[in-house]
Structure formats: C-alpha cells, structure tokens
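Q: I'm new to this one and would like a close look at a single part: the links between side chains. Could you walk me through them?

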Amino acid sequence: MIPRRARISCAGIAFALCLQHLVSAIEVPLDLPQPPTITKQSIKDYIVDPRDNIFIECEAKGNPVPTFSWTRNGKFFNVAKDPKVSMRRRSGTLVIDFHSGGRPEDYEGEYQCFARNDFGTALSSKIHLQVSKSPLWPKEKVDVIEVDEGAPLSLQCNPPPGLPEPVIFWMSSSMEPIPQDKRVSQGHKGDLYFSNVLAQDALTDYSCNARFHFTHTIQQKNPYTLKVKTKKSHNETSLGNSPAMYRARGITETTPSFMYPYGTSSSQMVLRGMDLLLECIASGVPAPDIMWYKKGGELPPGKTKMENFNKALRISNVSEEDSGEYSCLASNKMGSIRHTISVRVKAAPYWLDQPENLILAPGEDGRLVCRANGNPKPTIQWLVNGEPIESSPPNPSREVAGDTIVFRDTQIGSSAVYQCNASNEHGYLLANAFVSVLDVPPRILAPRNQLIRVIENNRTRLDCPFFGSPIPTLRWFKNGQGNTLDGGNYKAHENGSLEMFMARKEDQGIYTCVATNILGKAEAQVRLEVKDPTRIVRGPEDQVVKRGKILQLPCRVKHDPTLRVLVTWLKDNAPLYLGTRMKKEEEGLTIFGVTERDQGDYTCVASTELDKDAAKAYLTVLERPDQPRDLELSDLAERSVRLTWIPGDDKNSPITDYVVQFEEDRMQPGVWHDHSRYPGSVNSALLSLSPYVNYQFRVIAVNDVGSSVPSLPSERYQTNGARPEINPTGVQGAGTQKNNMEITWTPLNATQAYGPNLRYIVRWRRRDPRGSWHNETVRSARHVVWNTPIYVPYEIKVQAENDFGRAPEPDTYIGYSGEDYPKAAPTDVRIRVLNSTAIALTWTRVHLDTIQGQLKEYRAYFWRDSSLLKNLWVSKKRQFVSFPGDRNRGTVSRLFPYSNYKLEMVVTNGRGDGPRSETKEFPTPEGVPSSPRYLRIRQPNLEIINLEWDHPEHPNGIITGYTLRYQPFNGTRTGRTVVENLSPNQTKFTVQRSDPISRYRFVLRARTQVGEGEPLTEESPALLDEAYTKNQVDIATQGWFIGLMCAIALLVLILLIVCFIKRSRGGKYPVRDNKDEHLNPEDKNVEDGSFDYSDEDNKPLPNSQTSLDGTIKQQESDDSLVDYGEGGEGQFNEDGSFIGQYTVKKDKEETEGNESSEATSPVNAIYSLA
C-alpha cells in the first residue's frame, strides 16, 4: 500500500504568518519623537468575576513616554482618591483590589483611557465593565401537572437573569439526564417540550438546572411531577414509540401544530457577523418531523447546521445576503403545517478604510481617511487629541471633508492624534491615527548582514525595514548588479520586504537594499542560501500483523547535507513513547512483540530547522478474539438443547470457528471436553446430549491468530438416565505371568455411561465350542484370570451395565494366556565369512511346540574375543542382531577386521530368550586401517617442515607402511604432487621446502596387505613475511627478552633437580632433548623423546607389554575405560613428550598437555609462532 504523506515547509508556514505584515504601515522608531499609540486595551463589554480583583487594561507607546488618565461614565476618574484603585507603573492599566473588602458592583460603569505626551493624546474604546451575577432561583411551589396521554406539554424553565446568561439543562431530582429525541426536546430558551406525552413520561420528575460560567455553580429549580391519564394499562403493550403503539394504547393520532413559535409567521432580527438561530417545535401524534427551506433559494451553503433533532437551524457568521424568508415544515402521517420566519440582517459599524498613522516631512501634503459601513449607515465624527475637531484650535494646514482630513504644507509642531468614531444604533468603532511631522534621513532598522536560508522551490521574503522622513524609496539589488529587483520572480513591497515566489539554487547570493530620500541614503545586505528539501524516500506502509510478532516500519530520509535532520515518530498524532519494546533505528522503527495497544496511525516526521516531511501508515494488530459472552440455553429436550451466545470482538481477524465444550460433575468434575465445532458465522447451535449427564457448556472463539479465552460457563442442564447403548472397546486378553490372563478394555466415559452405578460384565472361556463360559462383574477396566495353561487362546466378552439395564450383546474378542520361556535353541548354526567386517549365518528353526508363546524373532549374540594382533586389548562387549521368526538365514555386519569372534543363537518370544545354541568361533580377515591418530606439522625455519604422526587407532591388520602425498600451493596455484612410501615403524618425516612462501597440503595413509586405509589431510600454517621474521629475530637481542629467557632457564634447572630426586625413588619421566638435530629412528626410546630412569634399562613398566608398532599397550582389565565405549579398542600412549604450537589436533585426549621440543630454543620458539 502507498503510505500517506504530508510534507510541510517551516519556511512556508513562516511566510504565510508574515504575509499580513507585507503591506502594514511603516512604524516610527521609538527613539524618534512621536505621539502616543494605544497598544493594548480591555474588550468593550467586559464582564468580571466578583471573587477576583479587577484589571482594566490600557497600554500605549510613544516618545516621550505617555502618561495615562481615565474617565468613568464620562467624568474624570481620580485614581489617587480611591485606596482600592491603583495604576500599574509605566502603564495605564487599572487595578482594583478587593482583598481588604469592598463591593465589585460599586465599580460597574463605562471606562475610557487617555494616553498623553507632548505630541498628542490617544483614546481607548469605551469599556463597559459589569460584574458577573448568578442569582438564586426564586422560590415557588410547583404543583403536580396532570395531562392526558398523547397531549402536548411544555415545562417552563424561566431561569433567573444571570450575567452572562447561564447554560440550561434538564435532569431528574436524582441527577439523571432527561433523554431527548424528536418527541421530547429542550428549546434554546430552556423550556422542555413534549410533542405528545406518554405514560412512561410519568416515571421520573423534571428539574431545570442553570449553570453559571464564572462561579461554576448550578442552580436547580423545584422539580415538576407529571400525572399522565391513560386509557389502557401501561404494560398492556411493549411496541415502543411505533404508530402501532399509539393505536394499541387508544391514543388519537393528530396533525402537527406549533408549540414555538406561535402562529404561522414571525420575524427575527440578527446583526451581521453573529449566529442566527431559528427554531420550530411542533406537537402531534406521532411526533412530527421538521424540514427547513428558504424562499427563493437554497439554505446558505457551508455555514448551515441542523440542531436539536432538526428543530433548530443555525446559520453562522450571518451576512446581508442571508436576509429573507425561512420556513419550517412540520409533518407526520396525519398532515403538515408550515411556519414562516422573516429574517432581517442589521449591522453595527464595520471598517471599509481604517485611518492609519501619517508621517510627513515639513512642507509635505497628506490625508487621513475614515470609511465605515453598517445598517443603518453610521455617522462619522472626527476628534483631535480626544476633543471634537470642531472645538479644537484652528489649523490652516488642515481641512475636514466628511470622512477625510486633508493636510497641506505641514510644518514641525503640527503633530497630533486624531480619532475617528463611526457609530449607529447597534454599536460604534473608534480608531486612533497620529500625524507626525519629522525631518529624518533614511535608516535601516534590520540587523546588518542577515542570513536567510530557504528550501528550494519555496516562497520566501527578505526583510529590510526602514524609516525616514520624507518616506524613502527602497530598491533591491543582487550581487552588486545595477538592475533593480522587481517583477518576474520578485516583488518589492512598500514596507521594504522583497518577496521571492520560488527560491531556486541560482537565487543564492548577496542581496542589497538601498533606502534613499532627499536627506541621504542607507543600505543593508542580506545573504540568501537555498537548501535541498527534506524528503522521506521510503516511508512506512499500512501493515496487518499478528500479536507478538516483530514489526519494522521503514523511514529512509534524504535531506540537505548542511542541515541537521531529526527523525521523530508520532502515534495517533501524539509523540510516540518508545519504552523497552520499541527501537528507533537510522532507517526506521522496530517494534518487538506487537500488542493490541500498538494499533493505530504511525507517522514518521523528518524535520530540519527549515522544513519537514511526514509519512503516515496504519498498523492493524491481529489478536485472539475476545471471549463469547451471555451464554443462554433454550429449546430444552431429552437429548438436545440449543445454546446461544453473543460473539466477542474479533480483534481485526474474522472469527473462523466456535468450539463448544462441556463439563460434567460426576465422573470428571472440573475437566472440560470438546463437544462440537461450528462456523464463525453462527452464534447459536443445537447440541446433541447423552442421558444422565449434568451438562455445563462454554464457548471458545477461534480466528487465524488463535483461540480466545473460554467464555463464562452456562447454567447446568441435567438429562435423564437410560441403559447403555454401547459396550467398551479395545478389549484385550494377554498374560502378565505364565499362569494368568489379564483382560483390559477402554471404559465408557461420562457421556456413554447413561446412568448411575456403571459396571462391566466380563465373560471368558477357552477357545473351544465345548468350553463353558465364566463371568465376573467389575467396576474397573481390568480383570485377571488365574491358573491358566501356557499360551492358549480364550474367547472374551465385556458388556456394560447400569441401574437402567444392560447394553446390547457385546462382540467376542480373542485373547491369550501367559507365555513361558522357549524350551529349545536353534540348531545347525553355520557361519560363512563374507569379508573383513561381515559374515553370513544359517540355522535350523525350532519346533513351534517348544516356543511356549508367540514367536517374535531369532537373535544372534556375538562378541569380539581377541585381536589377531599380539598384545592388542579389545572390548568383549556382547552385541546382537535380530532376524524375523520366519527366517533361517541372515547377515552380521560391522565387525572388526583381523579379530577372533564368538557367536551364539537363541529364539525369543514375549517372555524372553530361550536357551543358547552351541558357541561358534570364527576369525575375520585383514582390512584396511583407519587413519593415523594425528598429523602434526612444525616449521622450525624457512627451509624445512617437520611432520610427526601416530599409528592408526584401528590397524585392522598388520601395518606394512605409510604413504605420504604432499604438494605446495599458493592461493589457487598448486605444484607437483610428491609421493613418499614410508616404513611401518616410521612416525616422523622432514620435507625440504622448494620456496619459503608456499604452503603445503599433506595426505597421510597407513597400509596393510589389503590396501591403503582412510586418509588424514592437513595443511601447513601460513608463514609471516620476511620483514616480520627479522623483527622477531631482533627481539631475541633485546635486553628484556634475554632476561626472560634466563628466568625460564632457571625454572628448567629447578625441574631437572626435582626429576633427579624422583629418580632415586624409581619411575619414568619423559624428557625431550633440547637439541635441533634429527633423532635416530631405530632407537625407540629416543624416538619417543623419553629416557627410562627405572632400576633396569630398557624394561617396560609392570603390567605393560610392547605392541607390534612399538607403543606400550595396557593389559586387559575389567575396569578399563574402553568398556565405556561401543566395543572400541583402547590404546594409551604413555609418551610424555611435549607437542609444539602448530600440532594439528585430531584427538583431544592425545593433544592436551603435549608440547613440541622443537620450540625450546628462543629462535625456534619465535618460528613456532608462525
């Protein structure tokens, strides 16, 4: 889906806000002499809270700073004489303080503020001060109102007069709102109208309430009580307010008539700019509908609103065009009636041309214009410095011509403030405008060297406020060019601003504004930078996600690199709180474990200081549905009931199924079982029931997300009992011992028992037509028959029974008594060797009479008795292979080559194994060996590579030698493969490098007479470059390294002393000779790198012996660790030599704690790091 976007430019907003100032009058700087100007004043109709102090605002500016005075009701108001009244410092605002007492009503009246300085007097509007009032409701006795059902009724409110008018609403005396509709409604004056009264209207009383704004108090009128006289009882019918209800209650249907306004016509006057409210309330049975029309045209479009169930028509911001005749039509099924309202629109004065301040230089001409309109036409009155212009001193340079004052050849000293008052019977307007005569050279009022930044293709303006008298002319230039900027993409305004309709990259530069008059000139520069817009190139999209999932909302932004961008997220147009489940990333928002409250609108907002872009998407969260509610049982029958429920909220994923579950309180109380399943489109189901069950139901709703919480359970429903209709299933008979038979079955559940005291009649006999039946009645699901012959068939029946009777005749099942061990073993067992790991078997099967049970299989038990290699310990763990009972041949595989095996065969039934056959012995031929245990690679220098390996773990024969293949490689390039055939006792080899850079790949295999065994492949590590090697060699010459080596030598010496001490007690401690020379391979001890310190030279340790490959093998032991393996062979290398850094690990147990002696010299230790 396409994300919803909203791109907003901050520059554009600022431009729109400031556009109104482009044509505003030029302001006089406050450091120049000027008459007063009113800057702040209270509203004309000023209502105050009597509990607070009174503040009447009046502030003004001017040079010199103005002084202030007030009039009250047209007379001078002496602030100094009243201790409660004060005037704020450097302001004309009056403060009337009642903290020490006093009545606010004493200060009501009409106030006017005067601001004076040496150049004139400015006036505020006349401020009518009133104190808010919330009078109590007059006490009155309200009698019970009797009215016939169907008659109209109006209840008068007549609230006490408040200031401002209170808000009216109707409630009962128990503070319950009165429901309103087209029959019962409140008029705009507060009265409550009944188009027709019904008996139900007497169920409550009616009290008019008035809420007053300032005091926040509610005044309540004594309630009205109705007594409705009816022709029929109220509960004879329940047809609501339909026409049938009126007929059923004997109410006469009547044509409409108007309750307000009265008659067929009326008139109404409204002032321009106010809201017009027209109201028509009619009576009738049934309650009539109201329609509105305007004579000669449509209702005013865009500002018309129907209110109060179409009984009121509101037209906002009325203008002269809204005058005319409006009619309301009240109609019901009995007829219609029309009322016409003639609307006249009058107008208080409003400005056409409001006078503005006039700044003139000596000898200049000018004019003040004051034009206003209204209905009736307002009169214009001029004042100067607060006095009527007629009574002011004559001024030869001034001429008054109606709504215009013309000034000619003005001179310094002619400054004054002029007031224009436009008034008619509906109100007045007062405007101040001063005339200031100054002689001032041009000046620029803006800061110097402004920087304006704007987004490309946006409108902008460059401000250059200026002043001078005479008013200077102002021109704009770009980058010092001589052409004036005005026209095309530019528009120069009178106040000095340069408007640019569309800023482009080429519009960047330095702009200069120059103001000039006859007294001189002034200039200022503005630098404009045009920036790339901020854009969301990939925004979030509408998504539907399941609860608990991880959601990603992308927001990838492109912006001007010189502006800092800030990405924020909104949810439902409010700032998003991230918390612990949400993570804001560079290109989006991730929500972990989405929940229901995450649903809503998500907006990504990318903003800079100049503009912003937004992209919106809606997230819909799918959840498990709410539980169904209000379960109800109906249509109660012997074997069925109807269950109805109200579906819960589907949580944005349609409900696909309803699962009805039941619980019964006899056999499994508290355990719920599935009863049936229904489509998600239904909310009612007819349920099939079983006899003698005390049912309770609940419903689970299912949608694509999952299942709802179960509903609250329904009421219980008990069905009557009956005899069982089915018998137990799964009847079986089998022996647990050789002289019994256990009969078992699947018992009936609660919905199958059908009655109390459920029990089972068990019958059995040997499978013989002449046999007699035995029977037993039990309540459990098991019965054991004892003293049975071995493994004979029985016929079995199990029948259900309760207090209402028995189930139908049951089916017959076949069971068997217990088995005993087989009495005979397979004979004529023959073995044929197939290969080094497998043999073929044949045997003669036993006679069926000797099995004493059900034949399951034949088993061949075998174990490895010894290896054909001398002194090689083997595991004698017994293993077996199974063969089907109808077979007399098979294969045994996965044997160890070159070994002696023993084998026995048995026959097996359900009780166990029979006797074993004669033990057969057989050898396995040689096979190929396993791979060598490990292959270790050491590189003592750049010329040679030393290899060392160990014999295979499983020789599988006599080792005849080793085959070593190796080749150099460098990346993807490989060299020639070299093959070396090595002797069986050789475990070391040295390779001469062909170059110092290449690595080598080695493949090592052991051989027997059968062939080569499994390969072991390793690669030499990569060497460091020559420079690094030199650096390492240089380290050996450093003082700290020499000291370290000395410390190591000292530790070695201490170890040697300890070894000699141990030697005196006997024992073997392998020590490798620290020499970089080849060892004699013929010397086994030297080859191992060990020396024997025992009492006799060249003797193995007790309980040890030497194997064919020259290693020392442990003697067989009952508690050997090999027994814990799967019949593997165990070899324990007792060589104590240390393995080097670059030994390649094949067997973890072989490599731990071993380290090569080649790394004992300092230089070789460094090489070994490679």
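A: Let's start with Arg859 and Glu857, both of which are buried in this predicted model. Their side chains meet in a salt bridge, 2.6 Å from N to O. Side chains of opposite charge can pair when their charged atoms come close. By the rule used here, the count comes to 61 salt bridges, so let's visit a few others, because a salt bridge here simply asks for a Lys or Arg side-chain nitrogen within 4 Å of a carboxyl oxygen of Asp or Glu.

Take Asp49 and Arg51, whose side chains form a salt bridge at 2.9 Å, N to O. Asp49 is buried, at 10% relative accessible area, whereas Arg51 is exposed, at 53%. Then there's Arg408, which forms a salt bridge with Glu399, with 2.9 Å between the closest N and O atoms. Arg408 is partly exposed at 46% relative accessibility, and Glu399 is partly exposed too, with 41%. Salt bridges can also link up into a network, as happens with Arg759, Glu801, Asp803 and Arg806.

Now for the covalent links. How many disulfides does the structure hold? There are six disulfides. If you number the bonded cysteines of the chain in sequence order, the pairing reads 1-2, 3-4, 5-6, 7-8, 9-10, 11-12. Let's go through three of these links.

One of them joins Cys370 to Cys420, with 1.7 Å from S to S. This link is left-handed, with -70 degrees about the S-S bond.

The link of Cys464 and Cys513 is right-handed, with 65 degrees about the S-S bond. Cys464 is found in the loop between strand S41 (460–462) and strand S42 (466–469), and Cys513 is in strand S46 (residues 509–517), so this pair ties together parts 49 residues apart in sequence. Cys464 and Cys513 are both buried.

Next come Cys555 and Cys604, joined by a disulfide at 1.7 Å, S to S. The torsion about their S-S bond is about -65 degrees, so this disulfide is left-handed. Look for Cys555 in the loop between strand S50 (551–554) and strand S51 (556–558), and for Cys604 in strand S56 (residues 600–607); the pair therefore ties together parts that are 49 residues apart in sequence. Both Cys555 and Cys604 are buried.

Cys1046 is partly exposed, at 47% relative accessibility, and Cys1059 is partly exposed with a relative accessible area of 26%.

One last stop, if you'd like to see strands linked to strands. Strand S73 (residues 827–835) and strand S74 (residues 838–844) run antiparallel and are joined by six bridges. Thr827 has Thr844 in S74 as its bridge partner, and a hairpin through two residues connects S73 to S74.

Definitions and conventions
Residues numbered from 1 in each chain as written. Predicted model: local features only at pLDDT ≥ 70, side-chain atom pairs only at ≥ 80, totals over all residues. Heavy atoms only, no water. Pairing = 2+ DSSP bridges. Helix = DSSP H or I, 4+ residues; strand = E, 2+ residues; numbered from the N terminus. Buried < 20%, exposed > 50% of the residue type's maximum accessible area, 1.4 Å probe, protein only. Disulfide = S-S within 2.5 Å.
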